[in-house]
Amino acid sequence: MRAAAKTVLLPAAALALAVALAFLGVGAAVTGMMPPWRDSVGDKNHTEKITGQYLLRQSAAQEDTLLIFGSSELRTTEISTHPANFFAGKRAGFQVDLVGRGSCQSLIHALQIAASGEALRGKKVVLITSPQSYVPEGIAPDLFMANFSCQQYLELLADDSLSGEIKTALSCRVAELMEEYRALPDAAPVDPAIAALAEHTAAPTILSAVRDTILAPYYGFSRWLYSVKDQVSVRQILAEGEDCAASGKLPVIDWELEARAAAVQAEAMTGNNGFGMLDGYYTTYIGSRLERQKDRDKDLSYTRSKEYDDLRLLFAVCREKGVEPLFIHVPLHGEWSDYTGFSSERREEYYQNVRKIAEEYGVAALDLTGYEYEEYFMCDTMHLGWKGWLAVDKALIDYYYSG
């Protein structure tokens with residue numbers, strides 16, 4: 001019996017050891033040949049920044065980089081005052097790094113920052129959430145899964161510096177949204193082990209604890225494998241990047257001149273409509289349908305939303321990670337909102353809800369909501385435009401050099 005067992009187990013153990021060594025060798029080779037961080041990588045909101053960890057940690061290690069966590073507003077790089085353009089060449093002595101895309105709402109950023117280890121501790125970061133995120137149901141399950149990262153979730157659960165309360169709260173939302181997503185008719189497969197882990201962390205039972213123990217090796221190997229895959233996926237991005245050296249003397253910025261230049265560009269890019277919106281946006285989403293959109297939002301309300309609790313969770317994660325962010329409170333397009341029937345009273349309810357949460361957590365906020373009727377402040381119905389970004393640019397300089 002013993003001889004038979006040795007005949008089976010010893011070759012199996014040898015094979016397992018060989019496979020492990022092979023994987024470790026691949027991982028070491030990948031890590032050892034990674035190109036360094038390049039400044040130009042910060043100008044692009046690469047998907048790998050959202051779903052991975054390597055680029056974020058490399059960016060955070062730079063002394064002259066300011067990370068901006070946002071959503072769809074980050075893609076408006078055709079606007080000259082967009083931070084990627086305004087700070088090009090380290091104009092003000094630092095490089096910005098764009099992290100986010102459409103539907104990267106508070107929960108996505110909370111997961112990213114929670115998974116960052118010690119990389120962001122003591123760092124300055126900027127947070128932007130979009131008004132349209134504050135619908136009653138909060139982030140939609142399909143949009144959540146489009147930006148959810150198993151790698152980040154495994155990383156944050158392995159972080160002993162995070163409290164059990166934060167891990168439980170994040171896991172409750174992950175488990176809830178995964179369950180809702182799997183109920184959709186066209187849902188893609190979800191890793192059942194990750195779903196089980198979220199359910200166990202959110203509400204542990206004896207059975208789930210046993211299952212979690214059995215799956216522990218799988219989680220450990222998956223965490224390592226995701227890290228290697230992350231580095232492989234960003235290699236080309238780093239290899240093609242370029243650096244830029246900041247000038248020794250910072251230029252004096254004439255903000256009035258910048259505002260006039262922004263208005264000139266805005267006027268040239270908004271010629272086909274009376275709302276000061278980008279021509280292409282207006283043609284695609286409004287145009288011939290203008291009359292049908294009159295009072296369409298008369299029943300719209302952002303008074304109650306799961307997004308508010310997700311925003312609290314984001315600020316709580318920042319607190320535990322030692323991050324003191326600058327939060328950008330973005331307005332809606334006042335004139336357009338009036339036209340569609342989303343009243344100023346209901347807009348103010350949303351603005352005040354967000355203000356109270358920022359105050360509750362002691363988060364510094366750039367409150368831009370008083371500019372909802374300012375011409376060219378927005379470039380469409382809800383995204384910052386020429387003057388809006390310029391106000392952000394000025395605040396970023398003040399924030400970066402504060403303290």
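Ala, Val, Leu, Ile, Met, Phe, Trp, Tyr, Cys and Pro count here as nonpolar, Asp, Glu, Lys and Arg as charged, and the others, Gly among them, as polar. The structure under review is a predicted model. The points below begin with its pockets.

1. **The second largest pocket.** By these classes, the lining of the second largest pocket holds eight nonpolar residues, three charged residues and no polar ones. The space in this pocket comes to about 190 Å³. Its lining is made up of Trp255, Ala259, Leu366, Leu368, Tyr371, Glu374, Phe377, Lys387, Leu390, Ala391 and Lys394. Two elements give two or more residues to this lining, namely helix H11 (255-269) and helix H16 (386-400). The largest share, four residues, comes from H16.

2. **The largest pocket.** The volume of the largest pocket is about 260 Å³. Of the 13 residues that line this pocket, Thr51, Ser149, Cys150, Gln151 and Tyr226 lie nearest its centre. Helix H2 (47-51), helix H7 (150-157) and helix H10 (206-239) are the elements that give two or more residues to the lining. H10 gives the most, with four residues. By class, the lining has six polar, four nonpolar and three charged residues.

3. **The cavity.** Rolling a probe the size of a water molecule over the atoms shows where empty space is left. How many cavities of 30 Å³ or more does a search of the whole structure find? The search finds one, and about 30 Å³ of space lies in this largest cavity. Its lining consists of Ile108, Leu111, Asn147, Phe148, Ser149, Gln152 and Tyr153. Helix H5 (106-114) and H7 are the elements that give two or more residues to this lining. The lining of the cavity divides into four nonpolar and three polar residues, with no charged residue.

4. Strands of a sheet pair through backbone hydrogen bonds, either parallel or antiparallel. In this model, an open sheet of five strands has the order E2-E1-E3-E4-E5, with parallel pairing. Strand E2 (95-99) and strand E5 (364-367) each have a single partner strand and stand at the edges, so one side of each is left without a neighbour in the sheet. On average, and with direction ignored, neighbouring strands are turned by 25° against each other.

5. **Pairing within the sheet.** E1 and E3 run parallel and are joined by three bridges; the bridge partner of isoleucine 68 is valine 126 in E3. E3 and E4 also run parallel, with four bridges between them, and leucine 127 has phenylalanine 327 in E4 as its bridge partner. Strand E4 (residues 326-329) pairs with E5 in the parallel sense over four bridges. Here isoleucine 328 stands opposite leucine 366 in E5. Leu366 is also one of the residues lining the second largest pocket.

6. **The covering of E3.** In a regular strand the side chains alternate between the two faces of the sheet. Are the faces of E3 covered or uncovered? Both are covered: Val125, Leu127 and Thr129 on one side are buried, as are Val126 and Ile128 on the other. Five of the five residues of E3 are buried. H16 lies across strand E1 (65-69), strand E3 (125-129), E4 and E5, and runs at about 135° to E1.

7. **Helix H9.** Nine of the 11 residues of helix H9 (residues 192-202) are buried, so this helix is largely enclosed by the rest of the structure. The buried residues are Ala193, Ile194, Ala195, Ala196, Leu197, Ala198, His200, Thr201 and Ala202. What covers them includes H7, helix H8 (164-182) and H10.

8. **Histidine 333.** Where does histidine 333 lie? Histidine 333 is in the loop between E4 and helix H14 (334-340). Buried means under 20% relative accessible area, so histidine 333, at 7% relative accessibility, counts as buried. With its neighbours within four places in sequence left aside, histidine 333 is in contact with Phe275, Met277, Glu372, Met378, Asp380 and Thr381. One of these, glutamate 372, is 39 residues away along the chain, yet the C-alpha atoms of histidine 333 and glutamate 372 are separated by 5.2 Å.

Key:
Residues are numbered from 1 along each chain as its sequence is written. This is a predicted model: local features need pLDDT of at least 70, side-chain atom pairs count only at pLDDT 80 or more; totals for chains, interfaces and linings use all residues. Side-chain values use heavy atoms; hydrogens and water are left out. On a 1 Å grid over the protein atoms alone, a cavity is a set of points where a 1.4 Å probe fits but cannot get out, and a pocket is an open set with protein on both sides within 12 Å along at least five of seven lines; lining residues have an atom within 4 Å of a point. Grid points are joined across faces, edges and corners, and a volume is the space filled by probe spheres set on the points. Two strands pair if DSSP finds at least two bridges between them. Axes are lines fitted to C-alpha atoms, for helices over the stretch in contact, and angles run from 0 to 180 degrees between N-to-C directions. Contact means heavy atoms within 4.5 Å. Buried means under 20% relative accessible area, exposed over 50%, partly exposed in between (1.4 Å probe, protein chains only).
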